[in-house]
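Below is a short report on selected local features of one structure.

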Amino acid sequence: MVESDRQSSRARKQNNSKRAAAIQAEQTAIALKKEEAALLRADTYTNAPKVSRRTLTREEREALAKQREAENKEAEKLASTAAKGRIGRWWARLQSGPNKITWSMAIVALGVVYGDIGTSPLYTAQTFLSGQGGLGNVQRDAVLGMLSLVFWSITLITTVKYVLIAMRIDNNGEGGIFALYSLIRRYGAWLAIPAMLGGAAFLADSVLTPAVSISSAVEGLQTLPPLEQLFDDNPSLTLMITVVIIVVLFSVQSRGTESIGRVFGSIVLVWFSFLAIVGLFNLSADWSVFEALNPVYGVQFLFSPHNEAGIALMGTVFLSTTGAEALYSDMGHVGRGNIYFTWPFIKVALVCNYFGQGAWMLANSRNPEYTTLKTLNPFFQMMTPNVRYIAVVLSVTAGVIASQALITGAFTMVSEATRLNWMPHLQVRYPARTRGQLYIPVVNGVLCASTLIVLAIFKDSEHISAAYGLALTITMITTTVLLAVYIWHDGHRLGAVVFTVVFLAIQIMFFIASMAKFLHGGWFTMLLTLGILFVMYTWNEGTKLERAQRRHMRPADFLPALDKLHGDFRIPYFADNIVYLTSDSETKRLDTDIFFSIFADHPKRARAWWAVSVETTDEPFTREYSVENFGTNFLFRVRFRLGFKVSQSIPAYIHQIMHDLSKTGELPKQKSIYPKVDADPDIGTIRYVLIHKALMPESKVSARGAFSLQAKYAIRHMVGSPVKWFGLAPYNPLVEVQPLFVSTRRPPRLKRMDASNHPVPMPSRQKADPAAIPDPLDTTTGLGELVKAVESSMDSPEKRPVPKSRTKSDFTRADATAVAHLTQKRRE
């Protein structure tokens, strides 16, 4: 009975304790749920960006569906066309290759490519008459000579050199001097010199073209009788209108050249049609001017004593070819086939207008109404007053379009220079479906500001035109050199020699003639060219020095140290996750910059380290990533592949990858116990790190190399940091500076002196400071094994093993004994 009471009492106690434990557990669970609910409520106060479950947005799916539908319709159309015979099969092959032609992009080509060359008839003949002393001093041989030089310059430079030769040499559809250099740079390091010089000159002329084209067109408003008094009363009105037009033009660049090109293309179509019609109307009175198609007239007049301008006449003739380089550099924007398709119409319109102006000059060379005028523009004078109103309006529009051609060309040039590491990596946007349709905000802003500065300095088109065209002759000469090298190594050596001799002779004459403009404004163009060339050269030299220092480590070299740091609980976490943004494309090894950043100063311990790089693909909506974990759960090498139209939302994508790896078990769980701004309690804290380099005083580098590095870092500071490109600014990233370990000099050893300025002899044997002895469990120098050996010898005097790593240790046996005693006391 007593025994049963005891058992029942014991059972009641157990039940009570179980009930109390259950109540305690329930209360603890409720408290945890409340804490977690409070945490989740705190996270809802932020709207941090998160990735969706879909890999494409609705707009992207619709765009791709429309693209597939258009491709299917085009394929069906080509199949039906190919069945119609030989011509149909030829057309089907053409539309399936790089020379593809579409009506919409042909209109875009008119608006993007031909604006600059389309404004040449406005001032070429006017400049010719000014150089010859007026219309009264111009004879028939002079007019025919000028027309012959203009026709054959357009034919040889624009048609033969650029359209028929240069445009057949492309780098994945991209044109321009930098794309050409990318194809031939393996043939010699010296080719970088003409490529840099030509690109810098083209970009310098891109600043002057909007200023001279738009200002000259706006000044045409002064010739309209109703507006003459208004402009006389307000002399600065022309400049103000020009500034407004330029600001608006650069403001709409972010919408893309495709949308701009379609609007401009329709206007350019009207403009060139107008040029052809007006020219043909004047040609109907004198068809004999077509005798100028004979090149003998041009050569004879160039060296004739009746040529008042002398060799400077070639500078005037060169104005008719400005814009030829834009055909090549803008090829990636509109496609080669569309330029092939539209160029014949453009050339016919230009020739008709030039020869129409020539016919008018011959018909009025003895007209006293014109022979006494100091400034005479045959382009406007050959029209009736009513038609002249239309011409002025169209010319203003054409001036805007001419600026557009150079702006789009500048975007392409800078993009190519960035790929060559000749310029800083700038943020690039792609407003259209084609990668060639690009927009660079920094370049757009610099061009706009520079153009406004040009207007502020020179005031009007007369003074700006003194600097115009000089730099472009340099671009044409350097392009000829690079094309000749390509043709030579392509196996056509005789053709390369003929090409070089013919085109260099013509373009050197252009350059010599244009040098007459140097003191009248050409100095400004050359100054701009040298400034851009300085940026390219210093950036290239600095990049070479940095790459010479870059080293990679194999997993066997870096994993032991990272594994030890990962498990060293004496060091607090720097962050749960440390993410390094790098441009390094290596995925199987680790850049030493990241390795030493982790261990520099105080080691940056983390639950996981990440090395992230971004690759931009040629497809618009690619969203892919790959991960290399080196067989660990704490080191991840991530490589993004993002389409050129995909926003680089790196923080949101990093969170997605961490969740993906956590679900697969590759990344241990990282439950956050405190609210975070990224509103993600299932991922620990993240710290982003970017590494910049700095030159050490001991670096063994030339003065030129040191200057190039300092200039590169200054330029990078001015154009912006990758922090903005990757959207990291709100997350307080760490920008870390590391020394640039190019080869270094060993500075001489310091000599120690005592207080009385006498040398202090160095001890023959150094003894370790017990306070500076590392942790005994640290086995990196063999001390741990030595301590164990000493301890075992103290426990068993008969056993005195010698540790294998003794010869590698920096500590003596006495040091190890002292450490062993300290360790034993600590354990006791």
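## A polar pair

A polar contact is a pair of N or O atoms within 3.5 Å; within protein, one must be able to donate a hydrogen and the other to accept it, and residues adjacent in sequence count only if both atoms are side-chain atoms. Glu-736 and Ser-597 are joined in this way through their side chains, at 2.6 Å.

This is a predicted model: local features need pLDDT of at least 70, side-chain atom pairs count only at pLDDT 80 or more, and totals for chains, interfaces and linings use all residues. Residues are numbered from 1 along each chain as its sequence is written, and side-chain values use heavy atoms, without hydrogens and water.

## Around Glu-736

Strand 8 (residues 734–740) holds Glu-736. Strands are DSSP runs of E, at least two residues; helices are runs of H or I, at least four; both are numbered from the N terminus. Glu-736 has a relative accessible area of 12%, so it is buried (under 20%, with a 1.4 Å probe and protein chains only).

Contact means heavy atoms within 4.5 Å. Leaving out residues up to four places away in sequence, Glu-736 touches Ser-597, Lys-604, Val-689, Leu-690, Ile-691 and His-692.

## Helix 7

Helix 7 spans residues 140–165 and kinks by about 35 degrees, centred on Thr-159. The bend is the angle between axes fitted to the seven residues ending at a residue and the seven starting there.

## Helices 11 and 20

In helix 11, Ile-245, Leu-249 and Phe-250 meet Val-400, Ser-403, Gln-404 and Ile-407 of helix 20.

Key. Buried means under 20% relative accessible area, exposed over 50%, partly exposed in between (1.4 Å probe, protein chains only).
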